[in-house]
Amino acid sequence: MATARNAKEGFKLMTMGLLKEAAREFNGALEKDPNDASALLGLARLHLAQHHPQEARPLLERVLALHPHNPEARGFLARLQAEGGKDGGALNELRALAKG
């Protein structure tokens, strides 16, 4: 489970503030498995932390394509919708999140 190790290390590095190194770990996991939801979410969180929502959105959408009921991805997507002034889209995401 090398991809799980990469993603776990990425989260650890991110909490230490080592964002460049965290990105390298998440990207390494995605090179091995492009559908690794943990690495996709980690990289999306990293982009959000760096105020790059345009880079986070497609990653969150990929997670939801793989796991339509993922609460973390839905919550982040709702936040992005609301911040972008798309309250209707945010409400739709929150409704989907509530249905679980």
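Good morning, colleagues. Please keep in mind throughout that the model is predicted. I begin with the overall fold. The protein has six helices and zero strands, and along the sequence its pattern reads α-α-α-α-α-α. The protein has 100 residues, and 38% of them count as buried. Turning to contacts between residues at least 6 apart in sequence, 35% of these join residues at least 24 apart.

Next, the helix pairs. Two packed helices are described by the angle between their axes and the distance between the axes. The axes of α2 and α3 come within 9 Å and cross at roughly 150 degrees. An angle over 145 degrees counts as roughly antiparallel, and α2 and α3 are therefore roughly antiparallel to each other. In this pair, α2 passes α3 in a left-handed crossing. On the α2 side the contact is made by L19, A22, A23, F26, N27, A29 and L30, and on the α3 side by A39, L40, G42, L43 and L46. The residues of this contact between α2 and α3 divide into ten nonpolar, two polar and no charged.

The second pair is α3 with α5. These helices pack at an angle of about 25 degrees, and their axes are 11 Å apart. That angle makes α3 roughly parallel to α5. Here too I can give the handedness: α3 passes α5 in a left-handed crossing. From α3, the residues L41, R45 and L48 meet E72, A73, F76, R79 and L80 in α5.

N6 is found in helix α1. Is N6 buried or exposed? N6 is buried, because its relative accessible area is 12%, and the cut-off for buried is under 20%. Not counting residues up to four places away in sequence, N6 touches E25, G28, A29 and K32.

D36 lies in the loop between α2 and α3. D36 is likewise buried, with a relative accessible area of 9%. Between D36 and A4 there are 32 residues of separation in sequence, and the C-alpha to C-alpha distance in space is 8.2 Å. With residues up to four places away in sequence set aside, D36 touches T3, A4, A29 and L30.

Most residues other than glycine have a negative phi. H51, although it is not a glycine, has a positive phi of about 60 degrees. H51 is exposed, with a relative accessible area of 67%.

Thank you for your attention.

Note on methods. Residues are numbered from 1 along each chain as its sequence is written. This is a predicted model: local features need pLDDT of at least 70, side-chain atom pairs count only at pLDDT 80 or more; totals for chains, interfaces and linings use all residues. Side-chain values use heavy atoms; hydrogens and water are left out. Axes are lines fitted to C-alpha atoms, for helices over the stretch in contact, and angles run from 0 to 180 degrees between N-to-C directions. Helices (H or I, at least four residues) and strands (E, at least two) are DSSP runs, numbered from the N terminus. Angles under 35 degrees count as roughly parallel, over 145 as roughly antiparallel, 65 to 115 as roughly perpendicular and the rest as oblique. A crossing is left-handed if the near helix is turned anticlockwise from the far one by less than a right angle, and right-handed if clockwise. Contact means heavy atoms within 4.5 Å. Buried means under 20% relative accessible area, exposed over 50%, partly exposed in between (1.4 Å probe, protein chains only). Ala, Val, Leu, Ile, Met, Phe, Trp, Tyr, Cys and Pro count as nonpolar, Asp, Glu, Lys and Arg as charged, and the others, Gly among them, as polar.
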